[in-house]
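Colleague: Could you take me slowly through one part of this model, setting out what surrounds it and how each term is meant?

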Amino acid sequence: MNISKSKTLFSQAQHSIPGGVNSPVRAFKAVGGDPLFIKRADGAYLYDEDDNAFIELINSWGPMILGHNHPEIKEAIIKAMENGTSFGAPTAREVHIAERIVQMVPSIEKVRMVNSGTEATMSAVRLARGYTGRDKFVKFEGNYHGHGDAFLIAAGSGAITMGAPNSPGVTTGTAKDTLLAPYNDLEAVKQLAEANKGEIAAIILEPVPGNMGLVLPKEGFLEGLRSLCDKEGILLIFDEVMTGFRLAAGGAQERFGVIPDLTTMGKIIGGGMPVGAYGGKKEIMDYVSPVGPVYQAGTLSGNPIAMAAGMAMLDHLNDHPEVYEQLETIGTRLVTGVKKSLEKLGLSYTMTHLGSMYSLFFTDQEVIDFETAKSSNTELFGKYFQAMLKRGVYLPPSQFESLFLSTALKDKEINHILQANEESLKEILS
Ligand code: PLP
């Protein structure tokens with residue numbers, strides 16, 4: 001495969017951009033080789049600067065649930081652009097998108113738009129602290145909530161990939177208020193609540209973590225957290241930046257029937273534009289400025305182009321519930337096919353799957369938390385990634401990321417992925 005233009009761009013980029021990329025996982029450090037520089041995307045495909053085409057299973061880390069360049073979203077963006085790119089004043093679109101989110105997401109009665117998932121989680125935890133008058137919060141090892149200081153402790157996603165789940169620059173003062181528990185370990189959370197009685201503002205989690213690879217909640221785990229929060233006056237925050245509008249129209253909370261106090265969202269909500277949001281019960285959300293005392297703001301929040309893209313996306317998902325059936329079918333076909341190949345080749349690697357998210361872990365342990373996810377053979381994953389790439393399939397460049405599917409994957413692409421998977425597994429094991 002000729003990737004000479006990407007190689008040249010990467011070496012040029014390193015002179016002016018740290019590591020040559022604007023977000024660490026993009027550098028391919030965990031899988032080796034040089035990153036591809038992408039020129040354009042359409043449907044299920046990415047095209048690099050050397051005009052190689054790849055079927056891709058990242059979908060911009062989640063948002064492109066309908067595939068790239070979807071005509072309704074493209075049209076909404078072009079139309080909105082004709083009227084100016086930013087006003088810094090309220091718009092009708094912000095009202096419409098807020099109403100749509102309230103209608104779709106079970107826990108949300110009021111919502112505030114921000115510009116990224118990171119802003120959403122930082123703001124939600126600040127709000128929980130302001131509302132409860134407590135300082136501490138619980139997060140789970142291997143869950144990723146963006147790069148806010150208080151979250152960069154045992155963080156998943158790029159932080160694990162780069163081998164730095166705890167980042168320098170986070171002060172001990174900040175870190176002391178972040179309490180850690182293993183994901184899926186309700187007993188550990190109960191012990192933290194007991195040891196810090198009356199001091200914990202919130203428990204934040206990815207209800208279905210995708211940032212240590214995909215991990216599923218054990219039966220009763222989410223319900224157990226809900227009861228504990230009710231008992232202890234702690235706010236339950238679901239970080240649905242990945243799972244929102246993906247696992248169901250109402251996210252993981254709809255799928256599992258557990259309703260948090262606050263929800264953070266991003267990715268799909270912007271239709272590929274930089275958007276995040278947090279929302280929840282009225283009485284909590286009314287604690288946010290200007291009606292309440294907790295300050296949070298943003299010059300570009302509710303940006304008209306981003307809102308137009310997000311609105312087109314949410315309208316589509318709301319008006320086409322069959323999208324979720326399609327995603328289930330695509331997910332099941334791929335996972336069944338990969339499992340068949342594993343069986344045929346006598347391999348006992350672990351697969352996790354829910355709807356349009358799945359992971360293949362290069363370990364034979366059941367993956368239920370950060371520790372078990374880390375039992376994966378990451379070197380072998382790197383070889384698998386390269387073998388797939390060579391065959392025209394672009395996976396997330398880290399073992400510790402979920403794959404994201406889109407409705408743009410049709411028979412042709414599914415068959416191609418499954419064939420590439422079997423050939424790649426054979427190649428790396430030979
Ligand atoms: N929360 C979760 C669950 C995420 O997966 C991410 C990003 O991947 C974030 C928060 C941070 O979002 P952003 O990258 O938009 O800041």
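Modeller: What follows is a close look at one strand and its neighbours.

This is a predicted model, in which local features need pLDDT of at least 70, side-chain atom pairs count only at pLDDT 80 or more, and totals for chains, interfaces and linings use all residues. Residues are numbered from 1 along each chain as its sequence is written.

Strand 7 is paired with strand 5 (residues 136-140), to which it runs parallel and is joined by 3 bridges; two strands pair if DSSP finds at least two bridges between them. Within this pairing, valine 138 has isoleucine 203 of strand 7 as its bridge partner. Strand 7 is also joined by 4 bridges to strand 8 (residues 235-239), again in a parallel arrangement, and here leucine 205 is partnered by phenylalanine 238 of strand 8.

Strand 7, helix 8 (residues 221-232) and strand 8 together make a right-handed β-α-β unit, right-handed meaning that, with the strands pointing away from the viewer, the path from the first strand over the helix to the second runs clockwise.

Definitions and conventions: Helices (H or I, at least four residues) and strands (E, at least two) are DSSP runs, numbered from the N terminus.
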